[in-house]
Amino acid sequence: MKVILTPKPINFKLGEYINKGFELLKKDFGNIFVAFLVCCIMSIIPFCGLLAMGNLYKYLQKLNRNQAASPGDIFDFKDFMPYFILQLIVFGGVLLLYIPLIIVMAITGGMSNNNENPVAVIFMIPYMFLIIVAIYYFVLRGFYIIPLVSLKGIKEIKEAWNISKVMSKGNLMSIFLFSIVVGILAQIGIIACGIGVFLTMPFLYTANYFAYEDAIQQIEHDEITEIGSKNEF
């Protein structure tokens, strides 16, 4: 069966993703917790943080579909290159954003020994705001890059970025609010002397997984089913 993707703006169901994330976590907490720990361990390896996350979403997909899955599956380096390239692009982008700031600080610092140079302050405040806005914009626009690479096997980062831009169109505020709510809920464990965060952090991944899974289902197009539908007329 050939399934192709038809990128379109997603009907973002914030509440549904949170509820399903809780249900999956409650249903199989032990295995998900172990998989989360394995993900954390793999993230220690240089340039493997995003790869570990992507593999964790693969694991959650298998678990949700009642397929054979093992936390050890997270140590899979098949998608290393796409994520490696993505991390290089992110690093380069952040570096470009900070270069003007570094230059201004160096020039104004050379002009005056006073650390409270007004020229630097006047430039830094609005520029730092622009940096934060730019980072959040690209993060939200690229919200679906990880599932497109891990769950749909798209290896070209440019292609994944273009599809993600279309999928997130009109949903930036919803994705932003979803990220804040899920992040807060995932951090609740800090109340328990910080140790409990390891019990609540897996929710961040289960909720994100359902956001990704639903979005991909909305853009999937079954070519064989479509042909069969046409033949009925």
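Hi everyone. Some ground rules before the tour: this is a predicted model, so local features need pLDDT of at least 70, side-chain atom pairs count only at pLDDT 80 or more, and totals for chains, interfaces and linings use all residues. Residues are numbered from 1 along each chain as its sequence is written, and side-chain values use heavy atoms, with hydrogens and water left out.

Let's begin with the overall layout. The chain has 11 helices and 2 strands; helices are DSSP runs of H or I with at least four residues, strands are runs of E with at least two, and both are numbered from the N terminus. Going along the sequence, the order is β-α-α-α-α-α-α-α-α-α-α-β-α. Of the 233 residues, 36% are buried, where buried means under 20% relative accessible area, exposed means over 50%, and partly exposed is in between, with a 1.4 Å probe and protein chains only. Among contacts with a separation of 6 or more, 73% come from residues 24 or more positions apart; a contact here is heavy atoms within 4.5 Å.

Now for the helix pairs. At what angle do α1 and α8 cross? The axes of α1 (residues 14-27) and α8 (residues 172-186) come within 10 Å and cross at roughly 30°. That makes α1 roughly parallel to α8. For the cut-offs, under 35 degrees is roughly parallel, over 145 roughly antiparallel, 65 to 115 roughly perpendicular, and the rest oblique. The axes are lines fitted to C-alpha atoms, for helices over the stretch in contact, with angles from 0 to 180 degrees between N-to-C directions. From α1, the contact uses L14, Y17, I18 and F22, while α8 brings S174, L177, F178, V181, V182 and L185. By class, that contact of α1 with α8 holds 9 nonpolar, 1 polar and no charged residues. Ala, Val, Leu, Ile, Met, Phe, Trp, Tyr, Cys and Pro count as nonpolar, Asp, Glu, Lys and Arg as charged, and the others, Gly among them, as polar.

Next come α3 (residues 49-64) and α10 (residues 202-219), whose axes come within 10 Å and cross at roughly 75°. These two helices, α3 and α10, are therefore roughly perpendicular to each other. Residues in this contact include M53, L56 and Y57 of α3, and Y205, Y209 and Y212 of α10. The class count for α3 with α10 is 8 nonpolar, 4 polar and 1 charged.

On to the rings. There are 19 aromatic pairs in the structure: rings of Phe, Tyr and Trp (its six-membered ring) pair if their centres lie within 6.5 Å, with planes under 30 degrees apart called stacked, over 60 edge-to-face, and the rest tilted. F12 and Y17 make an edge-to-face pair, 5.1 Å centre to centre with 85° between the planes. F12 is buried at a relative accessible area of 11%, and Y17 is buried at 1%. Y144 and Y212 are edge-to-face too, at 6.4 Å and 70°. That pair links distant parts of the chain, with Y144 in the loop between α5 (118-141) and α6 (145-150) and Y212 in helix α10, 68 residues apart. Both Y144 and Y212 are buried. One aromatic cluster takes in F12, Y17, F36, Y57, F143, Y144, F178, Y205 and Y212.

Last stop: N171, in the loop between α7 (157-167) and α8. Is N171 buried or exposed? At 8% relative accessibility, N171 is buried. Leaving aside neighbours within four places in sequence, N171 is in contact with P9, I10 and F12.
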